[in-house]
Amino acid sequence: MNFTLRQLQVLVAVARQESFTRAAQDLGMTQSAVSTSIRHLEAELGQSLFDRDTRNVHPTDSGRDLALRVGGLLDELRAVLDRARGDAERRRGLVRIAAVPTAITRLLPAACAECRARFPEIDLRIEEMAAEDVSAAVLDGRADLGIVNEALEQTPSLTRIDLGRDVFCLVCPRDHPLARKTRVRWRDLDGCDLVALAPRTGSRALIDDILATHGLKPKIVQEMSRPEAVAALVAAGMGVAVLPELAAPPKSEPNLIARPLADPTAYRRMVMIHADDRTPGAAASIVSEIVTRRANARHG
């Protein structure tokens with residue numbers, strides 16, 4: 001059978017109004033178009049749906065039953081479409097992420113690309129911040145989500161979503177004596193020239209605690225806030241560095257090598273945060289799910 005949605009709407013309108021004229025007015029159609037639609041339905045079904053005289057139009061028993069059933073189906077379809085439209089509207093909009101530099105370099109690029117490919121209606125904006133500024137941006141509403149080192153974020157009014165461990169590693173030139181070791185230990189750093197992350201970075205306190213706990217005293221020759229600057233100084237021969245894996249140079253780097261540090265195996269844990277008193281909207285929830293899934297897949 002060959003019916004259009006419009007013809008079914010005409011059927012319901014004529015049965016409700018018992019008038020071609022009033023049905024045409026309701027639907028914004030001409031009376032002749034309404035009459036043509038009904039004739040087409042009757043021809044397709046092989047039966048009359050309405051009894052007509054010069055003044056009145058009344059549905060037959062079959063017409064009334066069909067109009068009631070079709071009306072219910074149209075109401076259900078309308079509800080489904082309204083829900084779909086509402087979902088699309090909720091997914092549309094701006095999502096702001098405040099993140100520490102290492103998250104932007106390694107955790108977020110693939111997630112951003114997936115979000116853009118699957119949900120182009122989401123406008124995802126990322127702002128790089130120092131670790132101590134991320135939670136403030138989330139709490140005061142400048143960011144919907146934040147990514148930070150868990151050890152630095154203990155604010156009770158923030159919800160945390162685990163993004164996995166980020167193991168600390170040694171970064172040194174490929175011709176450095178430590179590069180020849182098959183297993184590099186924290187105690188190997190004792191007395192070494194160390195290019196360190198600046199004290200205000202998220203990892204420095206953790207690194208200092210480990211060194212102090214084991215009585216290790218490397219010589220800090222430079223302190224830099226960005227991991228890229230630390231790596232550049234190490235590549236230039238200034239010393240070695242301790243960086244979290246997310247901040248370490250890639251394996252393709254020709255002049256540097258990164259090795260996990262042992263005894264102990266130490267790490268920071270990365271988390272995504274959002275304010276307890278502001279439930280993330282649909283768009284922010286989509287972004288959160290993508291980032292969390294991709295971050296945890298690194299450890300799967």
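Student: How many bridges join β6 to β11?
Tutor: Quick background: this is a predicted model, where local features need pLDDT of at least 70, side-chain atom pairs count only at pLDDT 80 or more, and totals for chains, interfaces and linings use all residues. Residues are numbered from 1 along each chain as its sequence is written, and side-chain values use heavy atoms, with hydrogens and water left out. Strands (E, at least two residues) and helices (H or I, at least four) are DSSP runs numbered from the N terminus, and two strands pair if DSSP finds at least two bridges between them. β6 (158–173) and β11 (256–262) run antiparallel, and the number of bridges joining them is five.

Student: Which residue of β11 is the bridge partner of C169?
Tutor: Look along β11, which covers 256–262. The partner of C169 in that strand is P260.

Student: Do β7 and β11 pair in the parallel or the antiparallel sense?
Tutor: β7 is residues 184–185, and two bridges tie it to β11. One place to look is R185, whose bridge partner in β11 is A262.

Student: What is the volume of the largest pocket?
Tutor: A pocket is an open set of points on a 1 Å grid over the protein atoms alone, with protein on both sides within 12 Å along at least five of seven lines; a cavity is a set where a 1.4 Å probe fits but cannot get out, and lining residues have an atom within 4 Å of a point. Grid points are joined across faces, edges and corners, and a volume is the space filled by probe spheres set on the points. For the largest pocket that gives about 320 Å³.

Student: Which element gives the largest share of its lining?
Tutor: The largest pocket has 16 lining residues, and those closest to its centre are E245, A248, P249, K251 and A258. By class, ten are nonpolar (Ala, Val, Leu, Ile, Met, Phe, Trp, Tyr, Cys and Pro), none polar (the others, Gly among them) and six charged (Asp, Glu, Lys and Arg). β6 and β11 each supply at least two of the lining residues. The largest share, five residues, comes from β11.

Student: How many charged residues are in the lining of the second largest pocket?
Tutor: The second largest pocket has a volume of about 270 Å³. It has 20 lining residues, with V100, P101, T201, G202 and S225 closest to the centre. Ten are nonpolar and six polar, and the charged ones number four.

Student: What are the partners of V291 beyond its neighbours in sequence?
Tutor: Contact means heavy atoms within 4.5 Å. Setting aside neighbours within four places in sequence, V291 touches L108, A111, I147, L163 and M272.

Student: Which element gives the largest share of the lining of the second largest cavity?
Tutor: V291 turns up here too, lining this cavity with L108 and A111 among others. The volume is about 30 Å³, and the lining is made of nine nonpolar residues, with no polar and no charged ones. Four of the lining residues, the largest share, come from α5.

Student: Why does D263 count as partly exposed?
Tutor: D263 is in the loop between β11 and β12, with a positive phi near 55° although it isn't a glycine. A cis peptide bond, with omega about 5°, joins it to P264. D263 counts as partly exposed because its relative accessibility is 36%.

Terms used
Buried means under 20% relative accessible area, exposed over 50%, partly exposed in between (1.4 Å probe, protein chains only).
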